[in-house]
Amino acid sequence: MKLKNVLITVNNIERSIAFYKTLFGLDVILDNDGNVILTEGLVLQDAGIWRDFTGREILPQNNASELYFEEKQIEEFVERLERYGEETGEPIQYVNRFMTHSWGQQVVRFYDPDGNLIEVGTPMQMEG
């Protein structure tokens with residue numbers, strides 16, 4: 001068995017496509033009217049479709065899951081993140097601003113425009 005995609009709900013598909021394209025370089029592979037598959041296996045689904053399908057409300061910023069990206073040039077990414085907030089007029093909501101963990105990994109955690117938690121960190125060295 002193979003994990004194929006990770007799906008997140010969003011309120012505005014076009015805004016989310018722009019967010020993930022601008023900040024992460026993800027491109028649209030398939031746009032299926034409320035379900036958009038991006039490169040790297042991320043799927044955006046219109047929140048209304050999700051609510052209709054599950055019969056449940058969505059809890060933004062629930063901190064129950066996280067999208068994790070690795071970036072070697074993390075300082076440049078953090079600058080791009082700040083510019084994005086300024087240029088769009090939608091300030092980035094941080095959980096942890098740019099920091100260095102005790103084990104040396106540099107990270108930043110923030111929410112996308114719909115409250116989905118994202119972490120961007122420098123690549124981890126695997127032992128062995």
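Strands β3 (residues 35-38) and β4 (residues 42-46) are paired in the antiparallel sense through three bridges; strands are DSSP runs of E with at least two residues, numbered from the N terminus, and two of them pair if DSSP finds at least two bridges between them. V36 has L44 in β4 as its bridge partner. In general, strands of a sheet pair through backbone hydrogen bonds, either parallel or antiparallel. The structure is a predicted model, in which local features need pLDDT of at least 70 and side-chain atom pairs count only at pLDDT 80 or more, while totals for chains, interfaces and linings use all residues. Residues are numbered from 1 along each chain as its sequence is written, and side-chain values use heavy atoms, with hydrogens and water left out.

An open sheet of four strands has the order β1-β4-β3-β2, with mixed pairing. Its edge strands, β1 (6-10) and β2 (28-31), each pair on one side only.

Seven aromatic pairs are found in the whole structure; rings of Phe, Tyr and Trp (its six-membered ring) pair if their centres lie within 6.5 Å, and planes under 30 degrees apart count as stacked, over 60 as edge-to-face and the rest as tilted. The pair F19 and F24 is tilted because the ring planes stand at 55 degrees, with the centres 6.2 Å apart. F19 and F24 are both buried, that is, under 20% relative accessible area, where exposed means over 50% and partly exposed in between (1.4 Å probe, protein chains only). One aromatic cluster comprises F19, Y20, F24, F69, F77, Y84 and F110.

Y68 lies in strand β5 (residues 67-70) and counts as partly exposed because its relative accessibility is 38%.
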